[in-house]
Amino acid sequence: MGQQKGFKETIDSIIDKRKKMLPVIAAAKRQAQEELKALMTVQKAINMVLAECSDSSVSEPGKRALEATAHYSCELSKRIDALGTLERSFNRNTINIAVSGAARSGKSTTLQKMSGLTDEQLPSGSTKPLTAVTSRLFNSDKRVAEVTFRSKRSFVIDYLTPHLNTLNEFLSKANAISVTTIDEFAKAKLPDQLEGDPSVAIKDSLARLKDAQTSLPYFQEKLTGKTEKIPLSELKQYVAYPTNEDENMEERGEAHLQRLFLAVDDVKIFHPFPVLDDARIGLVDLPGLGEVSDTVAHIHTKSLTTDVDQIFLIAKPSQESGYVDRSIGEVIDRLREIQPGVDHRCDLITIGINVEAGSEAGAKSLRDDIRRKINSSLPNKQQFTIHEYSAIDPERVAHELEYLLQHIANVQPHVDKKNLVYAMSTSEVEKWRRVTLLETKACSDALQRLLPNPLEQQHKLVQEISGAVIDAFEQLEHSYEIATLAESETHQLYNEQVDDIHNHAETAIKNNLFLHGKTWKDYSHGESVDPFSFYRSETRRIRRELVSEYCCLDRLYDENIERFKRTVLETLLQSAGLDCEFPRADQESAADEWLAKVDNVLGKKLRDQQLHEAFELLRGLTFQFRSNVFLKIANNLDNLKNPPSMMADPGSYRGKIDKAEYFSTGSIENRMERVHEVLMQDAIEANDSIAEALHANHDGFGETLEFYASCFNDYLYRRDVDHFKYVVIRGIVENFNVEIPDETKDLASSLKRMEGALTDLESATASLRAAITQRDGNR
């Protein structure tokens with residue numbers, strides 16, 4: 001009794017020490033996760049750099065950095081997994097002993113004697129494996145089982161998929177079976193036979209899949225993912241394989257096996273152990289080791305790392321043989337995979353040879369074989385302890401349990417420390433962290449050197465944009481030179497409109513001199529007292545009518561001025577890369593409104609008087625026939641403003657006659673007809689003269705556009721080119737999202753992406769360093 005109390009106190013102490021380490025483990029795991037998250041960002045940034053830059057000075061360290069991050073992330077993931085495993089293990093409230101071994105070695109019988117359970121809860125057999133589910137037995141005053149069932153999804157992932165993967169290794173790609181849901185599995189066509197020479201493991205997986213498909217209607221409703229309390233008397237159906245007799249009956253069609261164990265994920269059995277009082281001890285019944293399929297063994301041993309502290313490995317000799325056969329070796333090798341922090345496997349595993357009556361010689365042979373094949377190659381302190389006992393003898397089993405508890409008391413603190421050191425170890429992480437940071441910095445530095453200096457890049461951009469603007473405006477000014485305008489489509493339209501006005505005016509002249517429906521006789525009636533005075537007043541009227549006719553050109557002038565202003569502004573915005581800064585609605589408004597908007601926006605950002613004056617000049621441009629053209633062609637209307645007193649004598653080809661005398665001869669009707677005749681001739685000559693002058697650009701409109709185009713360039717850049725480049729254009733580059741000229745757009749875009757990649761890389765590296773610093777500060 002005193003010995004049991006000592007065991008209980010030791011176990012309680014081990015569990016309490018574990019609990020105290022949980023905050024440290026949780027903090028280390030959390031910091032490693034943050035470090036991994038930061039590392040993933042670094043990986044993404046490096047990939048972006050490699051995608052944007054092919055220069056070997058950048059790509060070579062970048063590739064090395066990426067390779068290092070792969071190792072780095074792998075080691076971090078291992079560390080996170082190890083810390084998570086240790087966290088779950090240290091969070092347990094029991095010290096657990098796993099009883100393992102090949103099938104039919106006496107595992108279940110040994111567990112029955114240790115736990116006080118019977119065949120109804122822990123099935124045992126001498127002909128074939130019966131333990132189908134990993135069961136955890138806990139020393140408790142309760143007598144109940146808690147069965148946790150798989151969900152439909154976990155059944156597919158954890159049970160079906162491993163067996164399907166094994167089977168598909170043998171099947172062709174065309175015949176491979178893919179299952180993602182229970183319904184798909186129910187309808188899946190499993191092969192009746194496997195042609196060729198499949199391995200025993202493949203045949204075993206196929207057989208298990210067929211059994212699962214056959215029994216699916218019975219256990220499917222249990223795939224709930226929930227935990228149920230099951231009386232111990234009803235437990236066997238959830239943890240045991242069918243017996244050989246059961247399967248024979250199924251083959252004969254005499255029974256339908258439910259195979260409820262397939263729906264089970266975990267079983268916890270609570271029962272008072274015969275000799276342990278209330279010591280916090282758990283026993284784990286491991287099925288599957290040494291069975292035909294490694295797949296089954298993997299399914300059952302995947303939780304050993306968190307659920308087991310010590311392993312009692314049972315080997316059973318027969319009367320005819322006693323040697324370390326393949327199954328024993330495979331079990332030892334598989335158990336070596338758990339708790340990698342434990343460097344001496346003898347601290348974790350004790351070998352028990354189950355000796356039945358008549359097999360003593362075989363037991364001795366097996367012990368010797370284990371010594372020769374397993375222990376002889378190990379130093380004395382690392383050799384496995386080997387005990388002989390009988391699984392059917394309660395006292396011998398109790399003695400083995402007492403030894404295991406003593407062994408736990410002696411080595412478990414050391415084992416826990418080893419597992420803690422292993423999980424907390426950062427040597428490999430630090431190694432690849434150093435390489436990653438070194439190569440990442442080399443990549444970052446190379447990219448930094450490759451990218452142009454921002455000021456130099458801005459200077460080049462200013463030069464390119466200012467050059468583009470100057471070239472564009474030199475071409476624009478040339479397009480408004482008189483010689484160029486004379487050949488333009490605009491000038492052709494202008495000439496056509498002049499011709500239209502001339503023809504319209506000529507028609508109006510010939511239709512009674514702009515009398516608008518009145519006859520000359522009616523109009524001139526009563527004006528015969530002084531025909532010459534009447535003539536002079538009529539010339540002035542006709543002069544006004546002709547000027548009014550040609551004022552129709554104002555619409556054409558207005559349209560061309562609007563087009564000129566818009567063209568100048570569009571040239572500036574396009575060549576300076578400012579198109580995107582001004583909405584299309586602005587461009588569709590009146591030119592002066594658009595000019596005012598651009599002047600206002602640029603003025604707020606640039607505050608440049610020279611540019612403002614250029615816009616003011618352009619906005620002040622107007623042109624009208626009366627105010628701008630009339631004075632230039634007024635001499636063509638002199639004969640109508642101040643008609644000469646002399647005229648060619650109609651009766652003589654060489655002589656002249658006084659108009660007053662000519663108009664005073666004959667009857668009154670003849671006098672008015674003579675006035676009409678001379679007026680008609682004077683009006684036609686004036687109309688022809690005006691049209692001719694306008695065709696010859698004597699209106700000065702072309703010179704006006706040429707002048708304004710030249711003056712705008714003077715205000716914009718000619719007065720001070722350096723001011724234009726380094727105040728106006730630099731201000732535009734610094735304050736606006738400038739569209740780069742086409743010839744450098746691809747390069748600039750590439751550089752911008754590279755700069756973005758560099759920024760991301762530097763930011764990600766800084767985050768990683770911060771995560772490392774936080775870890776080091778909290779260590």
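# Reading helices, contacts and burial

Student: At what angle do the axes of helix 4 (residues 152–168) and helix 6 (residues 200–219) cross, and within what distance do they come?

Tutor: Two packed helices are described by the angle between their axes and the distance between the axes. Here the crossing is at roughly 145°, and the axes of helix 4 and helix 6 come within 8 Å. An axis is a line fitted to C-alpha atoms, for helices over the stretch in contact, and angles run from 0 to 180 degrees between N-to-C directions. Before we go on, note that this is a predicted model: local features need pLDDT of at least 70, side-chain atom pairs count only at pLDDT 80 or more, and totals for chains, interfaces and linings use all residues. Residues are numbered from 1 along each chain as its sequence is written, and side-chain values use heavy atoms, with hydrogens and water left out.

Student: Is the crossing of helix 4 and helix 6 left-handed or right-handed?

Tutor: Left-handed. That term applies if the near helix is turned anticlockwise from the far one by less than a right angle; clockwise gives right-handed.

Student: Which residues in helix 4 meet helix 6?

Tutor: Contact means heavy atoms within 4.5 Å. From helix 4 come Phe155, Tyr159, Leu160, His163, Leu164, Thr166 and Leu167. Their partners in helix 6 include Ala201, Ile202, Leu206, Leu209 and Phe219. By class, this contact of helix 4 with helix 6 has 11 nonpolar, 3 polar and 1 charged residues. Nonpolar covers Ala, Val, Leu, Ile, Met, Phe, Trp, Tyr, Cys and Pro; charged covers Asp, Glu, Lys and Arg; the others, Gly among them, are polar.

Student: How do helix 19 (residues 531–550) and helix 24 (residues 625–633) cross?

Tutor: Their axes cross at roughly 120° and come within 11 Å. Helix 19 is therefore oblique to helix 24. Under 35 degrees counts as roughly parallel, over 145 as roughly antiparallel, 65 to 115 as roughly perpendicular, and the rest as oblique. Helix 19 passes helix 24 in a right-handed crossing. Arg543, Val547, Ser548 and Tyr550 in helix 19 meet Phe625, Arg626 and Phe630 in helix 24. That contact of helix 19 with helix 24 has 4 nonpolar, 1 polar and 2 charged residues.

Student: How many helices and strands are there in the chain?

Tutor: There are 30 helices and 11 strands. Both are DSSP runs, numbered from the N terminus: helices are H or I with at least four residues, strands E with at least two.

Student: What span does helix 28 (residues 701–718) reach?

Tutor: Its 18 residues reach 24 Å from first C-alpha to last, close to the 26 Å expected at 1.5 Å a residue. The expected span is 1.5 Å times one less than the number of residues.

Student: Which residues in helix 28 are buried?

Tutor: Buried means under 20% relative accessible area, exposed over 50%, and partly exposed in between (1.4 Å probe, protein chains only). An α-helix has 3.6 residues a turn, so residues three or four places apart point the same way. In helix 28, the buried residues include Phe701, Leu705, Tyr708, Phe712 and Leu716. Across the chain, buried residues make up 49% of the 779 residues.

Student: Where is Phe623, and is Phe623 buried or exposed?

Tutor: Phe623 sits in the loop between helix 23 (609–619) and helix 24. Phe623 counts as buried because its relative accessibility is 2%. Leaving out residues up to four places away in sequence, Phe623 touches residues including Tyr557, Asp558, Phe701 and Thr704. Phe623 and Asp558 are 65 residues apart along the chain, with their C-alpha atoms separated by 7.1 Å.

Student: What percentage of contacts in the chain join residues at least 24 apart?

Tutor: 81%, among contacts between residues at least 6 apart in sequence. Glu673 lies in helix 27 (residues 668–695). At 45% relative accessibility, Glu673 is partly exposed.

Student: What is phi of Arg259?

Tutor: Most residues other than glycine have a negative phi, and most peptide bonds are trans. Phi of Arg259 is near 50°, a positive value. Arg259 lies in the loop between helix 8 (244–251) and strand 5 (264–271), and is buried at 6%. Asn512 also has a positive phi, of about 65°. Asn512 is in the loop between helix 17 (489–510) and helix 18 (520–524), partly exposed at 25%.
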